[in-house]
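Colleague: I have not looked at this one before. Can you walk me through it?

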Amino acid sequence: DGLRVAASLAWRVLVVAAAIVALALALASLRLVLLPTVIALLIATVLDGPAGRLRAHGVPSGLSALIVLLAGAATLVALVALAAAFVVVDVGQFGDLRQSVNQGVDRIATTAADSPLGVSESEVQSLVDRGRQELQDRATHLAGGALTGALVLVEVATGFALTIVLLFFFLSDGRGMWEWVVRLFPDEHQSRVRAVGIRSWGVLSGYVRGTAAVALADAILIGAALLVLGIPLALPLSVFIFVGAFVPIVGAFVTGFAAVMVALASDGVLSAGAVLLAIVIVQQLEGHVLQPLLVGRSVSLHPAAVILAVTAGGTIWGIAGAFVAVPLAAVVATGVSAFGHPEDVDGSERSVAAD
């Protein structure tokens, strides 16, 4: 009996594992379609509000979507130009960012060799060189990928164009598109599917806006600390911190490490310790105040689920996959819950969907 139970469990586990692998391969092969769709949906959660207000004032749907797209593009270009103007002033130091990080690592190796840890300088240097080689190998692997050179540029350009086109249609007729999807289901299931859409849109909107607010707060607070401490590359590092905040856990570690290494290379151990302390304080503020207040109400995922989602997204779709993995996981979890309990969608959520 024990062997029968073990065999029964084993083949079921193998079937489930094969289904997961097949799904991952399908997602990876369709990334040129799925990834722009997800990114367009995430951007649409931010731009849908202004487009809706234009429609409420009598502007046609297509024209309102076009106006919002052009205004958003102009705002993005203006912000990039403003950031570039500040960076140009410090372009020499910005170009030495990699050198500063390398100097910081070398200083850590020297400090460890001089400490009473019982390791020689050659051993420490060997570990450092091995780590650098590993990073270079990983970077080469990620940069190479399945497509290289001109094919990568074509893929990126195609994905960008598809994202813009989908974003326009989501803004101009997103509700009509979703109602068409709802009508594909039998009448008895349409209320459940509609509930999934209402909840999922709320989760996406809350995640994007909340994460953007948290990322901006991190960039401002840590950037201010870097300026007060006189750390070079404060503005580029602040931009790096803002972008990295959209990748949970991993982004904070990578951007914080870069800031500490630059401080260590430029001003020594005390300065690096001060930067590390400032980063830890800001991260504690984010984890205990900002995240629960701005993101936690709409997205409720266990930290282990966040780590697994980021890892899976990065494995399947690379860096872009790591960005979209958490909102996708939150939408899946919320959709399953809403499909099972459509009656939990309250009147306020229904009125938002109707608007």
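This is a predicted model: local features need pLDDT of at least 70, side-chain atom pairs count only at pLDDT 80 or more; totals for chains, interfaces and linings use all residues.

Colleague: What is the mean pLDDT of the chain?

Modeller: The mean is 77, and 74% of the residues reach 70 or more. pLDDT is the predictor's confidence in each residue, from 0 to 100.

Colleague: Which elements have the lowest and highest mean pLDDT?

Modeller: Helix 13 (residues 347–354) has the lowest, 46, and helix 1 (residues 2–29) the highest, 89. Helices here are DSSP runs (H or I, at least four residues), numbered from the N terminus. Over residues 346–355 the pLDDT is below 50, and this stretch has nine contacts in the model beyond near neighbours in sequence. A contact means heavy atoms within 4.5 Å.

Colleague: Now helix 2. How many residues does it have?

Modeller: Helix 2 covers residues 31–56, which is 26 residues. From first C-alpha to last it reaches 35 Å, close to the 38 Å expected at 1.5 Å a residue. That expected span is 1.5 Å times one less than the number of residues.

Colleague: Where is the kink in helix 2?

Modeller: At Leu47, shortly before the proline Pro50, with a bend of about 45 degrees. The bend is the angle between axes fitted to the seven residues ending at a residue and the seven starting there.

Colleague: And what comes after the helix?

Modeller: Gly58 follows helix 2, and its phi is positive, near 90 degrees.

Colleague: Different topic. How many salt bridges are there?

Modeller: A search of the whole structure finds four. The criterion is a side-chain nitrogen of Lys or Arg within 4 Å of a carboxyl oxygen of Asp or Glu.

Colleague: Which residues are linked in a network of them?

Modeller: Asp48, Arg55 and Arg175. Arg55 meets Asp48 at 3.9 Å, N to O, and Arg175 meets Asp48 at 3.1 Å. Arg175 is in helix 7 (residues 150–183) and Asp48 in helix 2, 127 residues apart.

Colleague: Is Asp48 buried or exposed?

Modeller: Asp48 counts as buried, at 11% relative accessibility. Buried means under 20% relative accessible area, exposed over 50%, and partly exposed in between (1.4 Å probe, protein chains only). Arg55, at 21%, counts as partly exposed, and Arg175 is also partly exposed, at 35%.

Notes: Residues are numbered from 1 along each chain as its sequence is written. Side-chain values use heavy atoms; hydrogens and water are left out. Helices (H or I, at least four residues) and strands (E, at least two) are DSSP runs, numbered from the N terminus.
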